[in-house]
Amino acid sequence: MAERLATRYRTALVTGASTGLGRAFATMLLSEGVAVWGTSREAGRLGELGRAHPGAFHPVVMELGDADAVGRGFREAEQAAGGFDLVVNNAGYGVFGTFAEVDFSVWREQMNVMLVNTALVSHLALPGLKTRGRGALVNVSSLAAEFPLPFQSAYNMAKAGLTALSESLMIECAGTGVAVIDLRPGDFRTDFEGAVRRPPAGQGDARLPRVWAAFEKMMHGGPPPAAAAEALRQALQRGKSGTVRCGRFFQAVIAPLLARFGSLPLKRRIQAGYFDLD
Ligand SMILES: NC(=O)c1ccc[n+]([C@@H]2O[C@H](COP(=O)([O-])OP(=O)(O)OC[C@H]3O[C@@H](n4cnc5c(N)ncnc54)[C@H](OP(=O)(O)O)[C@@H]3O)[C@@H](O)[C@H]2O)c1
């Protein structure tokens, strides 16, 4: 029988634990006996997890757009936990719109939340992990790092950048006992799509409604978040650095294989068809 994750990871920080994938990750870790510090921008959104797991789940209020708040929140939580054996950078959101038409401050904010300050959490977490010589850093990227989503340019940039950070850290952490996992989910049924910021109906590029409808259909057809949590559980059980793709078989296995062995123009054509952009 596989040993419980708690034998390897005593404490964990999960950003964006209030809902969706982050909540499923937190729930899975708690069920494996790991004490979890989970973040949200609003304490109230973490109340249910706290009530369901008294003494094991610890709410942390953190706005990832605010670097000072991230530093403060991380250090306080780390001190209360006595150090983290596992850090899961999960929080994120989408912005949908044409690159040139959406105000640049919106793109900048998304990059700040999902790349710069997410990298800051990794930067804060690694010294403790390396000192203990064990544990894992998980960066939740996306298959969008390989297959960019149309009209979600900063999301694609942030995820590709986060994947590049994970790749860099895998090299740096080799031999330290710390695993770095680049987790790339495909589409999962979460609140993600409901939280996407997008232009009011009737505004912007005429193709937006078509592409949005295709995106919505893909999100609705995705597996439940518990399936991503199971992929993470297995990766943590292995305890090795690497890339973990999860989601529907076509997205997580076939498409990356086709992209690897096919041509780039073919990949772009298939992607355009997928989003009704032909
Ligand atoms: N669902 C998918 O199909 C899918 C696919 C690939 C990758 N992903 C990635 O998986 C991660 C989780 O997505 P999800 O699908 O679970 O979305 P979700 O259900 O909308 O959850 C997003 C989480 O991120 C937190 N968050 C959002 N903006 C934040 C900010 N500015 N500061 C701090 N926290 C913030 C939210 O916390 P509060 O609102 O409570 O503050 C929430 O807990 C994201 O990084 C996403 O890009 C998702």
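A pocket here is an open set of grid points with protein on both sides within 12 Å along at least five of seven lines. The model shown in these views is predicted.

**View 1. The second largest pocket and its lining**. About 170 Å³ of space lies in this pocket. Glu-146, Phe-147, Arg-184 and Arg-245 belong to the lining. Ala-252, Val-253, Pro-256, Leu-257, Ala-259 and Arg-260 also line the pocket. Helix H9, residues 249-261, gives the most to the lining, with 6 residues. By class, the lining splits into 6 nonpolar and 4 charged residues, with no polar ones.

**View 2. Helix H3 packed on helix H4**. H3 covers residues 67-81, and H4 covers residues 104-132. Their axes come within 10 Å and cross at roughly 30 degrees. Angles under 35 degrees count as roughly parallel, and H3 and H4 are therefore roughly parallel to each other. The crossing is right-handed. From H3, the contact takes in Ala-67, Val-70, Gly-71, Phe-74, Arg-75 and Glu-78. These meet Asn-117, Leu-120, Val-121, Leu-124 and Ala-125 in H4. The contact residues divide into 7 nonpolar, 2 polar and 2 charged.

**View 3. Helix H4 packed on helix H5**. H5 runs over residues 153-173. The axes of H4 and H5 lie 8 Å apart, at an angle of about 15 degrees. That angle makes H4 roughly parallel to H5. H4 and H5 cross in the right-handed sense. On the H4 side, the contact includes Trp-107, Gln-110, Met-111, Met-114 and Leu-115. Thr-118, Ala-119, Ser-122, Leu-126 and Lys-130 of H4 also take part. Their partners in H5 include Ser-153, Ala-154, Tyr-155, Met-157, Ala-158 and Lys-159.

**View 4. Helix H1 crossing helix H8**. H1 spans residues 20-31, and H8 spans residues 225-238. Their axes come within 8 Å and cross at roughly 50 degrees. That makes H1 oblique to H8. H1 passes H8 in a right-handed crossing. H1 brings Gly-20, Leu-21, Ala-24, Phe-25, Met-28 and Leu-29 to the contact. H8 brings Pro-225, Ala-226, Ala-228, Ala-229, Leu-232, Arg-233 and Leu-236. This contact has 11 nonpolar residues, 1 polar and 1 charged.

Key: Residues numbered from 1 in each chain as written. Predicted model: local features only at pLDDT ≥ 70, side-chain atom pairs only at ≥ 80, totals over all residues. Heavy atoms only, no water. Axes fitted to C-alpha atoms, helices over the stretch in contact; angles between N-to-C directions. Helix = DSSP H or I, 4+ residues; strand = E, 2+ residues; numbered from the N terminus. Parallel < 35°, antiparallel > 145°, perpendicular 65-115°, else oblique. Left-handed = near helix turned anticlockwise from the far one by under 90°. Contact = heavy atoms within 4.5 Å. Nonpolar A, V, L, I, M, F, W, Y, C, P; charged D, E, K, R; others polar. 1 Å grid on protein atoms, 1.4 Å probe; cavity = no way out; pocket = protein on both sides within 12 Å on 5 of 7 lines; lining within 4 Å. Points joined across faces, edges and corners; volume = space filled by probe spheres on them.
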